[in-house]
Amino acid sequence: MPQEETKRALIVVRTYPVPVPSGVESSCTAAITDMGDWLRLFPVPWRLLPSDQRFRKYQWIEAKVIKATDDSRRESFKLRPDGIRVLSEPLPNTNNWRAKKEIVLPMRAPSLCSLIRERSLNHHPTLGLFRPASITRLRIAPLTPDWSEGELGMLRQSHLFVEPPREQLEKIPYRFIYQFNCDESDCRGHNLMCTDWEMSQSYRQWRSDYGDTWEEKFRQRYEIEMMHKYDTHFYVGTVASHPNNWIIIGLFYPPREAERAQAELQFND
């Protein structure tokens, strides 16, 4: 039986929640520990947590965890929901995202192709970060707009000691898929779905603000600006039920101009 551990980690990824059989809803969360290791926390019933435990991205937390026994992925740990302690405010974006880069960029792999090769040899990693050489486009594929009866059943489960969210989780009726290439001569290109919380929340907000014209604003931010304005990186992870399939679970996007200025400064030094 795995022993409970205490881990200190910086939250870098939170995905949009999905209905789960073992609870009401859950969000997959990825972090980088203070030892420089990847950490996957699942399930995380974020909307059901007390307000003082609802950590945000780029906050340091301390968490009570147990190594997952039903998930073979090395980085996966089960979080004790009442064992979360938020330790800091979110890291700032000042000085060209310096505080974030100091933690995040040492974790960067050369490419998705390299992560796939490494996994085929060692059965890990199952989390990673890389910078795509080029982003071709963002596909927005429609889905059925409503939860299935089974999913609704999960969302309506009652739990003795947990008060359910006031609002039922909204289904995002689209799948967001990035098409991109790695910086490798034999890369044939990739198509990866993105489940980032921020991206889904942007859809909800801009659909409310702009109605039927939401897609123009959405593409400006997540396609055009990710291609041309930002130094876009993808956080990726494998899927538990399909361990060789990767998805984008988060975006890391410091301004491209700042990245270039920093590189020139280092060169001149």
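Reader: Which residues lie nearest the centre of the second largest pocket?

Author: Gly36, Asp37, Trp38, Leu39 and Glu75 do, out of 20 residues that line this pocket. Bear in mind that this is a predicted model.

Reader: Ok. What volume does the second largest pocket have?

Author: The volume comes to about 320 Å³.

Reader: And which element gives the most to its lining?

Author: Strand S1 does, with three residues. S1, strand S4 (38–44), helix H2 (112–122) and strand S8 (127–130) each supply at least two residues of that lining.

Reader: Is Thr126 buried or exposed?

Author: Buried: its relative accessible area is 0%, and the cut-off for buried is under 20%.

Reader: What else does Thr126 touch?

Author: Leaving aside residues up to four places away in sequence, Thr126 touches Arg40, Arg73, Glu75, Arg119, Val236, Gly237, Thr238 and Trp246.

Reader: Switching to helix H4. How far apart are its end C-alpha atoms, and what span should its 14 residues have?

Author: H4 covers residues 197–210, and at 1.5 Å a residue it should span 20 Å; the end C-alpha atoms are 20 Å apart, so the two agree.

Reader: What caps the N-terminal end of H4?

Author: Asp196 does, with a side-chain oxygen 3.2 Å from the backbone nitrogen of Glu198. After the helix comes Gly211, which has a positive phi, near 60°.

Reader: Which residues of H4 are buried?

Author: Trp197, Met199, Ser200, Ser202, Tyr203 and Trp206.

Reader: Why would residues three or four places apart point the same way?

Author: An α-helix has 3.6 residues a turn, so residues with that spacing end up pointing the same way.

Reader: Last topic, the largest nonpolar core. How many residues has it, and which have the most contacts inside it?

Author: It has 53 residues, and Tyr178, Phe180, Phe218 and Tyr235 have the most contacts inside it. Strand S13 (residues 242–252) provides the largest share of this core, six residues.

Reader: What lies apart from that core?

Author: Another core, of 16 residues, including Ala9, Ala31, Leu49 and Leu79.

Methods
Residues are numbered from 1 along each chain as its sequence is written. This is a predicted model: local features need pLDDT of at least 70, side-chain atom pairs count only at pLDDT 80 or more; totals for chains, interfaces and linings use all residues. Side-chain values use heavy atoms; hydrogens and water are left out. A nonpolar core is a set of buried Ala, Val, Leu, Ile, Met, Phe, Trp, Tyr and Cys residues joined through side-chain atoms within 4.5 Å. Buried means under 20% relative accessible area, exposed over 50%, partly exposed in between (1.4 Å probe, protein chains only). Helices (H or I, at least four residues) and strands (E, at least two) are DSSP runs, numbered from the N terminus. The expected span of a helix is 1.5 Å times one less than its number of residues. A polar contact is a pair of N or O atoms within 3.5 Å; within protein, one must be able to donate a hydrogen and the other to accept it, and residues adjacent in sequence count only if both atoms are side-chain atoms. On a 1 Å grid over the protein atoms alone, a cavity is a set of points where a 1.4 Å probe fits but cannot get out, and a pocket is an open set with protein on both sides within 12 Å along at least five of seven lines; lining residues have an atom within 4 Å of a point. Grid points are joined across faces, edges and corners, and a volume is the space filled by probe spheres set on the points. Contact means heavy atoms within 4.5 Å.
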